[in-house]
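Dear colleague,

Please find the structure below, with its sequence.

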Amino acid sequence: MDVKIIVATHKAYWMPNDNSYLPLHVGSEGKRELGYVGDNTGDNISVLNSSFCELTGLYWLWKNCDSEYKGVVHYRRYFTSAGLRLTIQQKRNHILTSKEWSQLLEKAPIVLPKKRNYWIETTRSQYKHAHNPHDLVVTEDLLKEKYPTYHKSWDKVMNSTKGHRFNMFVMRSDILDEYCEWLFEVLFEIQRRIDISSYSSYNTRVFGFLSERLLDVWLLTKGYSYVEQDVTYMENQNWIKKGWAFLRRKILGGVDFERE
């Protein structure tokens, strides 16, 4: 099975030694070369990286790779064969291999991270507390206007406490092409409708944030089958700090936080 998964990175970092993975320097236009393939080659939107985040890598993958299955992971976040491990090396040892990907993709044409549950927050309220609420208004208006078949799914996703996050997935090529065709059409139209010149450096990543929510809207509308897989953050995490940041966003609202 031909599987190609980009590892989106903006700096030199440890990379898995498996043919399924292709390190990709995202936002590479005008930057010092890292020794990886740059997302400024071929058909690309590398210059939009500050607001599209890892999606410049997804766009590059969509336009420049012809593998049977294609996907996106992050340099510090991978799909793994088990949950959290005690050491970084143990985590690295459980990153899915080419053989494991072949076995997993026989079950369904799409692999996604296990859903994150915010428990006391809906997708809508969590976004409003962490980002600019106007983003959701513009997105919803656009779906009503140009993509009405997706609006019912939008409401369900926005009112749920659970969702697939991280802009991580592996899809059969024809499905990924269909998703990207829709996603970037929607995002480019939103880009024309909002002014992010006054946004903080964190919230200028708006299109990356919105796409995390739009994935579930698209999936719910299309009805494609998928399987979920563990995702592991490859470095140590301060869970007390993360929990406090979550509560601060809920209580104070509109506070900017740098994500991992």
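Helices H2 and H8 lie oblique to each other, a word kept for angles that are not under 35 degrees (roughly parallel), over 145 (roughly antiparallel) or 65 to 115 (roughly perpendicular). Helices (H or I, at least four residues) and strands (E, at least two) are DSSP runs, numbered from the N terminus. H2 covers residues 55–64 and H8 residues 173–193; they pack at about 135°, with their axes 10 Å apart. Axes are lines fitted to C-alpha atoms, for helices over the stretch in contact, and angles run from 0 to 180 degrees between N-to-C directions.

This is a predicted model, in which local features need pLDDT of at least 70 and side-chain atom pairs pLDDT 80 or more, while totals for chains, interfaces and linings use all residues. Residues are numbered from 1 along each chain as its sequence is written, and side-chain values use heavy atoms, without hydrogens and water.

Turning to the whole chain, it has ten helices and eleven strands. Of its 260 residues, 53% count as buried. Among contacts (heavy atoms within 4.5 Å) between residues at least 6 apart in sequence, 73% join residues at least 24 apart.

Yours sincerely

Notes. Buried < 20%, exposed > 50% of the residue type's maximum accessible area, 1.4 Å probe, protein only.
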